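Hello,

I am passing a structure on to you, along with a few notes on what turned up in it. Please have a look at it first, and then read on.

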Amino acid sequence: TRGENLSLSYKKVLQKEKFDQFVEKYGEEPEDVTIEGTIISVKPRAGFVIQDDDGMEYFMPMAQGFLKAHGAVGKKVKAAVLKAKKETTSIVVSRKKLIEQSQKNKEEKITELMKDNEPKTGTVKKITSYGMFVDMGGIDGLVNYNEISYKGPVNPANYYAEGDEVIVVM
């Protein structure tokens, strides 16, 4: 109640049902659950409210957003679920956790690629005047134009096309 007036909300009832379904499916401390939704509002100095395609709302604190509040409404984002709070029936999510996991995975992949000095096969993604970018299974590397031929600096487009398979050494 607010003062003397009673406050009713059908939206909150629907949200509570969706929250209960979420907790039943994943528990209060879900692990490795990723959501995708659109930012529908920004709470000043607090965080973002994200809504997924099913209408479920999630809260993302400012510190976990890796986003600027200005112009955030309407943006599609992915986030990892941190916890489900039963007392407030809210689900707290984090873009920061997802980004940090992605960076850690990339670092592990790079370490794995550079572990031995053996030749590896990659795909030419883009050719520029200063070299070519080669996809090594999700990690892009630059082959400088000095490293393409024994003749010295050459134009990579004379030797390769985008989509070509190439053998490279890290």
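Below are some notes on the salt bridges.

Please keep in mind that this is a predicted model. The structure holds five salt bridges, and I will walk you through some of them. As background, side chains of opposite charge can pair when their charged atoms come close.

With a relative accessibility of 53%, Lys 11 counts as exposed, because the cut-off for exposed is over 50%.

Next comes a pair within helix α1: Asp 20 and Lys 16 are four residues apart there, which means that about one helical turn separates them. They form a salt bridge, and their closest N and O atoms are 3.1 Å apart. Asp 20 is partly exposed at 32% relative accessibility, and Lys 16 is partly exposed too, with a relative accessible area of 38%.

The last pair I want to show you is Lys 120 with Asp 116, a salt bridge whose closest N and O atoms are 2.9 Å apart. Is Lys 120 buried or exposed? Lys 120 is buried, since its relative accessible area is 17% and buried means under 20%.

Enjoy exploring it!

Best wishes

Terms used:
Residues numbered from 1 in each chain as written. Predicted model: local features only at pLDDT ≥ 70, side-chain atom pairs only at ≥ 80, totals over all residues. Heavy atoms only, no water. Salt bridge = Lys/Arg side-chain N within 4 Å of Asp/Glu carboxyl O. Buried < 20%, exposed > 50% of the residue type's maximum accessible area, 1.4 Å probe, protein only. Helix = DSSP H or I, 4+ residues; strand = E, 2+ residues; numbered from the N terminus.
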